[in-house]
Amino acid sequence: MKFIYQTWWKVLAVVIIFYTLIAGMLLGVPRLPILHETIRNTYFHVPMWIAMFTVFTISVVYSIKYLQSGKEEHDLVAVECVNTGMFFFVIGLITGMLWAKYAWGEFWSNDPKQNSAAIAFLLYCAYGVLRNSIDEEQKRAKISAIYNIFAFPIMVVLIMVLPRLTDSLHPGNGGNPAFGKLDMDDRMRIVLYPAFIAWALIAVWIATIRYRIRLIEYKKNAIN
Amino acid sequence: MKKLVLLTAMILCFFMVHAQPGQDVEMADALRSSGKIYVVVGTIVIVFAGLAFYLFRIDRRLRKIEKEK
């Protein structure tokens, strides 16, 4: 856990994002009908979801750790990772809606992936409600850890699996070819993959800041 | 030799065909050729620079508070 106080990976994340901002706007992209220049949204919309998945995964790991160890700190990591993930969830949904307006014609066209993302969002809202409804600290930590462990795979199935089984407007789902087969080329990959890493790091960074604040609050409130 | 020539011809054909689709798709070429796209890139970079700086500042302030403990 020492790395959360170090600076190098935060600088790395910022530098890579600067690269994706500049290269993402200036490098060539495939010329595709309907999408036109909005294909560049891929560099910014998709990494939001990668960032979300990253912090949610860390959250589940720490929920499991909490159940093993009973250390309050592990619970604090789990909850702050979910809080950060929710932020990226919202940004992912909003950027997706804006893009959808110009690519598909509607902000919300009841696309299976949009709908199941909304359900997954409610699933994690319920996590927050559940936490806040329990006053007793250990009980709250334990119950919300268990809930988190169950919510995570359901979220993954909702967002990653179910939309792929039916027709969806999202690339890579249903009868739609994935980005990468027809729409994407190597010019995009050299921007997109670094963007995934960098935004995941940014999400982790924000989560660690939130965790450190939470830890101070927790220590302040603790009865010695 | 004949085969080689044929192969080269085929590959050339492939490139020609490959380069064709999409050329008529409207992109922000005017913005690029007149150089104005750099203004947009500049704006975005400034926005993110500000945000990153802000995050680093928060990080530093937090470290100070942690050390006081």
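Author: Start with contact: two residues touch if their C-beta atoms, placed from the backbone, lie within 7 Å. Helices (H or I, at least four residues) and strands (E, at least two) are DSSP runs, numbered from the N terminus. This is a predicted model, in which local features need pLDDT of at least 70, side-chain atom pairs count only at pLDDT 80 or more, and totals for chains, interfaces and linings use all residues. Residues are numbered from 1 along each chain as its sequence is written, while chains are lettered from A and ligands numbered from 1 in the order in which they are written.

Reader: Which residues of α1(A) and α3(B) meet?

Author: From α1(A) come A:Val14, A:Ile17, A:Phe18, A:Leu21, A:Ile22, A:Met25 and A:Leu26. They meet B:Ile37, B:Val40, B:Val41, B:Ile44, B:Val45, B:Phe48 and B:Ala52 of α3(B). By class, that contact has 14 nonpolar, no polar and no charged residues. Ala, Val, Leu, Ile, Met, Phe, Trp, Tyr, Cys and Pro count as nonpolar, Asp, Glu, Lys and Arg as charged, and the others, Gly among them, as polar.

Reader: At what angle do α1(A) and α3(B) pack?

Author: Axes are lines fitted to C-alpha atoms, for helices over the stretch in contact, and angles run from 0 to 180 degrees between N-to-C directions. Here the angle is about 165 degrees, with the axes 10 Å apart. Angles under 35 degrees count as roughly parallel, over 145 as roughly antiparallel, 65 to 115 as roughly perpendicular and the rest as oblique. So α1(A) and α3(B) are roughly antiparallel.

Reader: How many residues does each chain give to the whole contact?

Author: Chain B gives 19 residues and chain A gives 18 residues. The chain B side has 14 nonpolar, 2 polar and 3 charged residues.

Reader: Where does A:Asn110 lie?

Author: In the loop between α3 (72–103) and α4 (112–132) of chain A. A:Asn110 is not a glycine either, yet has a positive phi of about 55 degrees. With 9 neighbours, A:Asn110 counts as exposed.

Reader: What is the mean pLDDT of chain B?

Author: pLDDT is the predictor's confidence in each residue, from 0 to 100. The chain B mean is 80, and 77% of its residues reach 70 or more. The model scores ipTM 0.78 and pTM 0.86.

Terms used:
Buried ≥ 20, exposed ≤ 12 C-beta atoms within 10 Å, placed from the backbone.
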